[in-house]
Amino acid sequence: MVNKNLILTVDDKPQNLQFLGKLLSNNGYEVAMAQSGVQALTFLKSELPDLILLDVMMPEMDGYEVCEKLKAEFPTRNIPVIFLTAKSDAQDIVKGFDVGGVDYVTKPFHSAELLARIKTHIELKTLRGLLPMCSHCKKIRDDKGFWNDVDSYFETHSHVTFTHGICPVCMDKLYKGYDWYKKRKQPDAGE
């Protein structure tokens, strides 16, 4: 079973959350929703999404301030934030990148384009992330501090499935003392 990527959508307008929720869930994503920056930050104390879609114009705390708070904290700093907003001035777009956003999409948006950007940034996060690995047993520490086998970590955090085999170097190390292996390594007399 492949885990679905979790996307947190943050917008003060319920109709926007409803539209995004349907779009994302219909395209294989798990969706969490927050109607304010405060709700989003509270959610992030218990769950870490793979990506955040963040509106800029919200009461109490705007999206820029939310993003700055995310980027200032260790557990949330590497979560990609895509600003999804009606603000389309160049200075607004630049500010979105300056506070730590990875992308900026203006409303109204094309669903296919937004989905392509989401997919790209989730893949980049997976490829870019530093993986704490035990130098002895090669287990990987996840974001919650648990140590996982490499296979289970990647199968949980990506769409990768492993198949296993033994490379020639390891074959030699493991089996060089066995007669059956020595015979296998010798070329046929008829060649």
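Helices of at least four residues and strands of at least two are taken from DSSP runs and numbered from the N terminus. The legends below describe a predicted model.

**Figure 1. Overall view of the predicted chain.**
The chain contains eight helices and seven strands. Its C-alpha atoms occupy a box of roughly 80 × 35 × 30 Å along the principal axes. The radius of gyration is 23 Å, whereas a compact globule of 191 residues would have one near 16 Å. Of the contacts with a separation of 6 or more, 54% join residues 24 or more positions apart.

**Figure 2. Surface and charge of the chain.**
Buried residues account for 32% of the 191 residues. There are 24 positive and 26 negative side chains, and the centres of these two sets are 6 Å apart. Eight salt bridges are present in the structure, and the views that follow include some of them.

**Figure 3. The salt bridge between Asp12 and Lys13.**
The side chains of Asp12 and Lys13 form a salt bridge with an N to O distance of 4.0 Å. Asp12 has a relative accessibility of 24% and therefore counts as partly exposed. Lys13 is also described as partly exposed, with a value of 38%.

**Figure 4. The salt bridge between Asp50 and Lys125.**
An N to O distance of 4.0 Å defines the salt bridge between the side chains of Asp50 and Lys125. Asp50 belongs to the loop between helix 2 (37–43) and strand 3, and Lys125 to helix 5 (residues 111–128), so this pair ties together parts that are 75 residues apart in sequence. Lys125 is partly exposed, at 23% relative accessible area.

**Figure 5. Asp55 and its salt bridge to Lys107.**
Asp55 is found in the loop that runs between strand 3 (51–54) and helix 3 (63–72). Its side chain meets that of Lys107 in a salt bridge, with 3.7 Å from N to O. Lys107 sits in the loop between strand 5 (103–106) and helix 5, so the pair ties together parts that are 52 residues apart in sequence. The two partners are classed as follows: Asp55 is buried, because its relative accessibility of 5% is under the 20% limit, while Lys107, at 24%, counts as partly exposed.

**Figure 6. The surroundings of Asp55.**
Asp11, Asp55 and Lys107 are joined in a network of salt bridges. Leaving aside residues up to four places away in sequence, Asp55 touches Val10, Asp11, Asp12, Gly63, Leu84, Thr85 and Lys107. Asp12, one of these contacts, is the residue that pairs with Lys13 in a salt bridge.

**Figure 7. Tyr104 and its contacts.**
Tyr104 is part of strand 5. With a relative accessible area of 8%, Tyr104 is buried. The C-alpha atoms of Tyr104 and Ile82 are separated by 5.6 Å, although these residues are 22 residues apart along the chain. When residues up to four places away in sequence are not counted, Tyr104 touches Val56, Tyr64, Phe83, Thr85, Lys87, Asp92, Ile93, Gly96, Phe97 and Arg117. Thr85 is listed among the contacts of Tyr104 and also among those of Asp55.

Methods
Residues numbered from 1 in each chain as written. Predicted model: local features only at pLDDT ≥ 70, side-chain atom pairs only at ≥ 80, totals over all residues. Heavy atoms only, no water. Buried < 20%, exposed > 50% of the residue type's maximum accessible area, 1.4 Å probe, protein only. Contact = heavy atoms within 4.5 Å. Rg over C-alpha atoms; globule rule 2.2 N^0.38 Å. Lys, Arg positive; Asp, Glu negative; His and termini not counted. Charge placed at Lys NZ, Arg CZ, Asp CG, Glu CD.
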